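Me: I am new to this structure and would like to learn how to read it step by step. Could you take me through it, with the general idea before each case?

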Amino acid sequence: MSVGQVLLVAVLVLPAVGAALVAVLPGERAARALGTAVAGLTLVGTALLVLGDHGWFGYGPAPAVQPWHEVDLPWVPGLDLRFHLGVDGISWPLVVLTALLTLLCCGYTVRRVPEGRGSGRALVALLLVVEVGILGTFLALDLVLFFVFFEVVLLPMYAIIAGWGGTGDDLPARDAARAAARKFALYTLFGSVLLLVGVFVVVAAAGTADIVALTGGAGLSRGTQLAAFALLGLAFAVKAPLWPLHTWLPDAHTQAPTVGSVILAGVLLKMGTYGLIRVAVGVAPEGARWAAPILGVLAVAAILVGSLVCLAQDDLKRLIAYSSVGHMGFVLLGVATLTATGIQAALIGNVAHGVITGLLFFLAGAVKDRAHTGALAELSGLRETAPRLAGLLGFAAVASLGLPGLAGFWGEAFAVVAAVERGGPLWTTLAVLAAVGGALTAAYFLRLLRRVTHGRPSPAVGRFTPALAGVELTAWVPLVLLALAVGLAPTLVLGYATGPVDALVGIVR
Amino acid sequence: MTGLLGAALPVVPLVAGLLGLLLPPAPRGEGAARRAAIGLGVAGAAGALLVAVLLLVRVGDPVETSTTWIDLGGLRVTLGVRLDGVAALVAVAVAAVALAVQVYSVAYLRRGPHDDVDVDHRYPPYAAQISLFTAAMLLVVVSGDLILLLVGWEVMGLCSYLLIAHDRRLPEAPAAAMKAFLVTRVGDVGFLLGIALLGVSAGSFRIADVLAHDHSTGTLTAACLLLLAGVAGKSAQFPLHTWLPDAMAGPTPISALIHAATMVAAGVYAVTRLYPLFTRAPVALAVLGVLASITLLLGALAATAQDDLKRVLAWSTVSQLGYMTGALAVGAPAAALFHLLTHAAFKALLFLAAGAVIHAVGTTLLSRMGGLRRSMPVTFWCTLIGLGALAGVPPLSGFWSKDGVLAAAEAAALDGTGPAPTWVGWLVWLSGLLGVLLTAAYATRLLLRAFFGEPRLPLLHPHDPPAAMRWPVLLLAVPAALLGLAGFWPPFTDRLRGTAADVDLVHLAPAVLLPIVLLLVGAGLAWAGWRRDPAADPARALGPLRPVFARAFRLDDLQHTLVVRPTTALARVTRTGDEVGVDGLVEGVGRGASTLGAGLAVLHRAALPRATAAVLAGALLIGLAAALIGVSS
């Protein structure tokens with residue numbers, strides 16, 4: 001096995017073994033620290049995946065997916081299932097983002113565990129299991145394996161929301177958290193059923209589950225492609241989420257503990273958009289062409305509805321949760337254009353949203369932990385009592401509203417540019433509406449800042465002390481720097497994406 | 001080397017700003033953090049000024065450097081500068097005003113004798129945000145790429161938001177800051193779409209590529225009109241001008257920065273940067289001409305009736321911006337830039353002098369000032385120069401630059417020299433002439449109300465400001481008085497005109513008498529009104545129109561009724577629809593499934609005899625079905 005293959009397997013085995021060890025080892029603090037160390041090692045492993053040969057062979061008959069490293073082992077020979085992993089320029093940024101956010105969440109949990117709930121080390125163990133599932137989803141190059149990893153995430157996430165979610169530890173709070181977790185699990189299970197059917201429609205028609213071989217249509221008939229795209233597209237639309245399939249998200253994000261919200265918004269949603277790009281568009285390009293206008297219209301509806309709901313929202317965490325609907329709308333608009341510009345915008349929008357919304361949820365959690373409330377009406381004057389926290393919240397909000405020069409800008413602006421590039425009355429209208437959505441995004445974030453940071457301190461905020469804990473800064477600073485770095489050097493994310501994206505666009509045309 | 005200087009121009013204040021943000025935000029007392037913040041802020045602005053002056057000396061033919069920033073699906077975004085004489089001149093103006101503001105703020109934001117005990121000015125973030133603001137404007141000035149320009153453009157909007165909301169004692173400041181950011185952001189929707197159209201059409205966002213590409217007429221007209229939306233937002237053109245007067249909630253040095261050299265100048269500058277495109281889109285220029293005329297008169301009329309010293313100056317900025325965009329509409333970008341530079345000098349001077357007045361008397365209301373001429377002689381003379389330049393008194397700077405605009409409009413009206421239709425020339429020329437009269441009237445009124453007559457707050461003992469505030473004002477008075485004469489100096493005019501070397505910047509023709517006569521009429525009207533009763537406001541002559549002008553034709557209310565309220569109502573409806581409609585459906589499905597399950601469970605909860613009967617009936621049915629299928633196959 002080459003180094004790359006070892007790394008590919010290692011980044012899945014490490015957190016899996018780590019989760020088991022964290023769960024059984026004695027010693028609460030030590031177990032949490034061990035989990036953090038494992039997450040750190042995993043991050044190093046994912047970062048090292050970039051090493052190696054990135055030669056892109058775009059000429060002549062070449063597969064549209066050309067992984068840098070690949071592991072292809074027989075898994076269930078009787079059913080012709082293979083354990084096929086690989087990483088390329090489309091998946092690598094998401095893989096690193098997943099490992100980074102997991103590390104930050106584990107590190108945060110070493111010191112901060114939601115009060116009156118389950119033990120911290122169980123939370124760390126579950127976070128690591130979630131990491132295995134998400135990394136597996138991004139790395140899988142076999143449809144059945146992809147589905148398996150896609151499902152691995154579901155139950156640990158359910159447990160995180162139900163076990164550690166809610167505000168306070170009284171009974172109604174626990175019930176609300178459980179209800180939100182149930183809704184999340186059932187709704188996304190509904191999507192998973194569609195995904196399963198879609199996967200088997202493709203596998204039965206093509207006779208293989210290998211994504212590399214399937215990308216480009218693999219001789220599937222038009223009818224099969226339309227059916228496959230409809231099923232897969234719906235499944236991923238639930239996960240992403242696409243309006244009007246989004247209503248599991250506000251409850252889940254609002255009720256989840258801080259680290260749960262960070263992982264949910266930061267990387268879990270990306271499984272939907274990644275699946276859409278890699279699996280749905282790749283496997284059923286004709287279906288993608290057919291469904292693109294519908295997808296585009298719904299994406300823009302998501303942008304507008306998401307930002308309008310945020311404008312009338314009165315809870316801090318719920319507002320940030322709904323903002324994800326709008327932001328993912330921009331990502332999905334980029335995918336829907338099916339142009340190289342649009343898909344690259346979607347890729348960078350994915351990563352930027354993960355970084356920025358992760359940071360926003362960390363900060364919202366910090367505000368909520370201190371004030372014991374998330375109601376905007378009870379929060380004001382944050383900059384008087386905690387200027388640094390207010391400054392960071394301002395930075396995250398401004399990054400999230402797509403200020404040029406910060407990470408959020410590229411994805412949103414170039415989704416609009418891609419729609420303009422696509423041309424024609426429909427896409428031009430969509431571009432205009434999406435740009436208006438950008439202005440509405442600014443409106444609700446400025447309203448949030450005006451409510452929370454300006455004015456006289458409310459009683460809840462008056463108790464704040466200016467200092468930030470070390471563990472908080474350690475968790476936040478990498479995200480702040482990343483939001484700045486990706487904004488100034490988008491090549492960090494898109495540096496290796498040109499080849500794979502051009503190949504993908506080539507098969508759609 | 002020149003390219004490197006161009007890159008250093010925004011980087012120097014950017015580094016100062018970023019370092020400044022790392023300082024502790026709220027030091028108690030006048031600590032080391034404040035001194036470090038002052039040092040960083042002043043050093044950043046001074047460094048930028050030095051680089052800008054070097055650049056101005058060295059710049060000759062346009063210099064262009066660029067490297068690829070990112071390539072998004074065949075659309076190239078570059079990282080580079082595009083330097084010419086205009087960029088260097090505007091950069092010098094920006095850096096000079098920024099330096100003046102940094103120095104002035106040291107004294108202005110110090111705990112004064114009138115302040116509460118625990119006033120905490122939070123100086124480090126304030127100075128750092130000014131540095132960032134300067135860096136963003138300089139980025140707009142030197143940028144060689146539309147996306148890079150957009151970065152500076154929007155960061156400037158953010159900095160204005162932060163700085164307008166700086167004063168935490170003013171309850172209206174947060175709303176004003178939010179309004180400034182949002183109104184300009186609404187304009188930027190158009191700006192982004194315009195950039196997208198141009199970039200997609202040219203396949204690159206580099207300004208040189210965009211200018212060189214042969215766009216179709218439809219694309220060009222649409223793109224230019226869309227760009228104008230952004231320009232209207234930043235340069236406070238009707239109907240997106242509403243944020244500028246409210247932005248007075250910011251500290252006075254910030255008003256000087258926003259009104260003179262940054263922010264409002266950016267829109268006009270961006271149009272001159274892309275002017276070759278606009279000359280090929282006469283429809284866009286005609287629209288710009290209409291907007292310019294409305295803005296010019298609207299601002300001037302509103303300025304005549306304000307009682308707040310800063311708001312008079314704010315509306316005068318709106319009006320003067322109308323002159324600049326009017327010059328652009330009649331095909332005279334050099335005249336627009338000339339007026340931009342002189343305006344930067346005299347408006348910065350006026351705001352900083354106004355800050356000295358406010359500092360001394362503790363109010364911004366003209367109705368509580370009066371007679372300051374004797375107690376604040378330095379401030380009085382500087383304000384006199386500033387107002388003279390604003391009104392266009394020869395030979396002060398504003399006279400020459402405004403005359404340049406009027407001459408260009410006259411030529412466009414009478415000889416049809418402009419790229420836009422002749423009627424645009426007439427519109428701009430006539431409104432410009434009327435504007436001269438109005439400007440003279442409100443400038444005279446301001447001078448008389450604040451500095452002449454009897455003091456209306458007799459208990460106060462106002463005095464000229466301390467050195468850190470006095471020197472920036474005095475130094476700015478020099479260009480405010482003399483910059484107009486630079487129009488006769490070839491090195492200056494060559495840099496300003498760029499490639500269009502055949503245009504004259506200053507005109508000494510008989511037509512110049514017309515604005516002078518109008519100036520005298522306007523000033524005379526205000527003086528006569530004041531003379532009749534020095535204690536009363538000359539604006540009372542406006543009669544019933546006075547409250548209308550004072551509220552600027554109630555456009556704010558109109559904007560609130562037509563945009564803000566429908567949007568918030570729509571937001572509430574959408575939220576309800578999303579929660580009750582979409583989510584209600586989902587919850588309904590869930591509840592329906594539970595109810596169905598419960599019903600089935602009830603059906604299955606049967607006593608033994610009935611259960612046995614059911615099992616037997618089922619077996620019978622299956623047996624029957626098997627028999628039937630077996631028979632038929």
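Me: What share of the 633 residues of chain B count as buried?

Reply: A residue is called buried here if 20 or more other C-beta atoms lie within 10 Å of its own. In this predicted model, 56% of the 633 residues of chain B count as buried, and for chain A the share is 65% of its 509 residues.

Me: How many helices and strands are there in chain B?

Reply: Chain B has 25 helices and two strands, while chain A has 22 helices and two strands. The C-alpha atoms of chain B, taken along the principal axes, fill a box of roughly 115 × 65 × 55 Å, and those of chain A fill one of roughly 65 × 60 × 40 Å.

Me: Which domains is chain B divided into?

Reply: Domain 1 of chain B covers 281-550 and domain 2 covers 562-632. The C-alpha centres of these two domains of chain B lie 74 Å apart.

Me: What part of the contacts in chain B, among those with a separation of 6 or more, joins residues 24 or more positions apart?

Reply: Here one asks how far apart in sequence the partners of a contact are, and two residues are in contact if their C-beta atoms lie within 7 Å. In chain B, 81% of the contacts with a separation of 6 or more are between residues 24 or more positions apart. For chain A, among contacts between residues at least 6 apart in sequence, 80% join residues at least 24 apart.

Me: How many residues of chain A are in contact with chain B?

Reply: There are 43 residues of chain A in contact with 37 residues of chain B. Several elements give two or more residues to the side of chain A that touches chain B, among them helix H12 (285-311), helix H14 (340-371) and helix H18 (424-452) of chain A. The largest share of that side, 10 residues, comes from H18(A). Sorted by class, the side of chain A that touches chain B has 28 nonpolar, 12 polar and three charged residues.

Me: Where should I look for backbone features that deserve a second look?

Reply: Most residues other than glycine have a negative phi, and most peptide bonds are trans. One case of a cis peptide bond runs from Trp243(A) to Pro244(A), with omega near 5 degrees, and Pro244(A) lies in the loop between helix H9 (222-239) and helix H10 (248-255) of chain A. Another cis bond joins Pro394(B) to Pro395(B), with omega near 0 degrees, and Pro395(B) is placed in the loop between helix H17 (377-391) and helix H18 (397-414) of chain B.

Me: Is Ala236(B), with its positive phi, buried or exposed?

Reply: Ala236(B), a residue other than glycine, has a phi near 50 degrees and sits in the loop between helix H8 (217-234) and helix H9 (243-246) of chain B. Ala236(B) counts as buried because it has 33 C-beta neighbours inside 10 Å.

Me: Where does Phe553(B) lie in chain B?

Reply: Phe553(B) is in the loop between helix H23 (545-550) and helix H24 (555-604) of chain B. Although Phe553(B) is not a glycine, its phi is positive, at about 60 degrees. Because Phe553(B) has 15 C-beta neighbours inside 10 Å, it counts as partly exposed.

Notes:
Residues are numbered from 1 along each chain as its sequence is written. Chains are lettered from A and ligands numbered from 1 in the order in which they are written. This is a predicted model: local features need pLDDT of at least 70, side-chain atom pairs count only at pLDDT 80 or more; totals for chains, interfaces and linings use all residues. Helices (H or I, at least four residues) and strands (E, at least two) are DSSP runs, numbered from the N terminus. A residue is buried if 20 or more other C-beta atoms lie within 10 Å of its own, exposed if 12 or fewer, and partly exposed in between; C-beta atoms are placed from the backbone. Ala, Val, Leu, Ile, Met, Phe, Trp, Tyr, Cys and Pro count as nonpolar, Asp, Glu, Lys and Arg as charged, and the others, Gly among them, as polar. Domain bounds come from an automatic or database domain assignment.
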